[in-house]
Amino acid sequence: MANAQTIARKPGRGLLVFKWTLLGPLFGLLLFILPAFLLQLYFSFHSWTIYLGSWWDAEFAGLGVFRDVLTDSRFWWAALRSLIFASLSTLGCFVAGFALAMAMHRPFRGHSLFYAVFILPMLTVPVVIAYTFEMLLFQRGPINGILSTILMTNVNVTWLAQPPIAVFTVIMLEIWNWTPFVFIIMLAGLSSLPPELDEAAQVLGASRWRIFSEVQLPLLRPVIMLALILRFLEAMGEFPKTWALLQGGPGSATETVPVYLFLTTWQYFHISRGAAMSYLVLIFMILIVLLGIRLLRREKQTIDAIHAKPGAGE
Amino acid sequence: MKRFVKKWRYPLFRTLMLTAWALLAGFPIFWITSTSFKPDNEWHKWPPVYVSKNATLDNYRMVWPIHQTGSIFVTPDQKGHGVAHESVTANKPWHALKNSLLIALSSTAIAVAFGTLLAYGVSRYRILSDTRMFQLLVLRMIPPIVVAAPLTLYYSVLQLMDTASGLIVVYFITSLPYAVWMTKSFIDEVPREMEQAAEILGASRWQTIWEIIFPLIRSGVVATFLFILILTWSEYLLSFILSKVDVVTLPVQLSKYEGSTEGRVYGHQAALAVGITFPLIIIGIFIRKHLVRGFTFGMVKR
């Protein structure tokens, strides 16, 4: 298969030069970025904050810095918050996005207008989202205003000042922002399903629910997995909105791992601790990214197989 | 009657649901647009003003001044000497716009150029195995905050802090995976027979890329470019950390309105936010058919 697809030219030095010219920039980049991680390694094993002298004189601490991080309960709370934030927002995006995609599956009048409006949140700059919602959620702002009008009472929720509500707000913000992402993926997935299957199931007298759960859902599995994995990984690293809106507050209610990392390095200037923490998070993230990628690879093969089938797709 | 209800129940329900969501999705965008035209006494009014009757362009004039306005003020330092400061917000948006344009456009262009070549090599010569291609995604999926600290230290040593080239390199790295994967999905769709024909006619490898492949995937490359431009333009964390004064980009500039001496200047913030986000919305709607491909690294096509 691979041989048939590659172009058969005479192998030789020309080919080698050609291949390395294409690959060169990538290797250049990786080489460029490598020292950053070596520097970080140095800091993780040496105890240094900017209040001490020159960094090259820092005291060797062995695994001490790592031990500090791992015994820091604030770090573990941040990790737990990140996981909760990522899981709930991924779930929310998925439910909303999938429902929208199901509703938009068949063409109707105004389809493209709805589509254009639905993708707006995804195209908005994250920092702009944060500040816009700050205006919207302001105690005397439009969201309380609209709720007051609808409920005919004076609604006065402080969306950003009370811990449980603030967490809810941040999750809703992420869902608002990224539902379009799931929506466009699921819509593409739905439209690549062969319509004959749907018709055949209908002819055989299957109910709409059975067609959905036993025909469409299994075929959509790879696309669903893809959307969930990508969304979850992105949500784990979400920083700009949470930071610009709340800086981890109120108290430390929205202090996720990225926020805590930022505070450690750029507010408390514990460079070593920040470096060690970055390493731990980096290793953890690489592990779940690799796990995610392993799942993605399996699903991509299935997607390609569906696309390759004659008659399937567009 | 019963049949009528049955026939119209679903479309009605669907339209209601879609309209509700459209209102939810559109309202914040509507709100900043509307706020950007409000005079300052309506910013915090209760009940909220939805559409201002006294709409004004003052906020835009303030944030995007056409003429240089006085922005220098002087404060005494510890020894009593006067020190000139520039106001935190005045006149900065134009500077930030210039930085954003320079950084976003050049890093995106570089990433797409090298990404396309790499993608061609992968598609036709398998210079990277499937495994390596997936490992490339790690570059993108690791949250930037994790590498921000080492990058800051490294950049201070290299004296790349607060320089445009420093940010361009970083964005080149983070957008390369998107560029490679997305353009590869376009190149994979070009039938190989065309290159084989060109080869028989004696075209060199570079000629094949430039004269056969590139014209065929041009619209795809443009879509990739615009897609990555959206991501780079909106990036906040890395430019916030790696810049101080000189290369402040637009998203960072927007965050400076918070907690500055002027207080909560909603109107100005909104006018700046509109300027940052509307170009992206236009670009995004323009390439809406390719967004799926972009966000899923070319794995899902329409």
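## Fold and chain contacts

Chain A comprises 14 helices and two strands, where helices (H or I, at least four residues) and strands (E, at least two) are DSSP runs numbered from the N terminus. Chain A is more spread out than a compact globule, because its radius of gyration is 25 Å, well over the 20 Å that the globule rule gives for 314 residues. That radius is taken over C-alpha atoms, and the rule is 2.2 Å times the number of residues to the power 0.38.

This is a predicted model; local features need pLDDT of at least 70, side-chain atom pairs count only at pLDDT 80 or more, and totals for chains, interfaces and linings use all residues. Residues are numbered from 1 along each chain as its sequence is written, with chains lettered from A and ligands numbered from 1 in the order in which they are written.

Buried residues make up 39% of chain A (20 or more other C-beta atoms within 10 Å of the residue's own, placed from the backbone).

The two chains touch. Contact requires C-beta atoms, placed from the backbone, within 7 Å.

| Chain | Residues in contact with the other chain |
|---|---|
| A | 74 residues |
| B | 71 residues |

Helix 1 (residues 2-36) of chain B gives the largest share of the chain B side, twelve residues.

The largest nonpolar core has 162 residues. Such a core is a set of buried Ala, Val, Leu, Ile, Met, Phe, Trp, Tyr and Cys residues joined through C-beta atoms within 7 Å. Ile185(A) and Leu254(B) are among those with the most contacts inside it. Ile185(A) touches residues including Leu226(A) and Val292(B), not counting residues up to four places away in sequence.

Methods: Buried ≥ 20, exposed ≤ 12 C-beta atoms within 10 Å, placed from the backbone. Contact = placed C-beta atoms within 7 Å.
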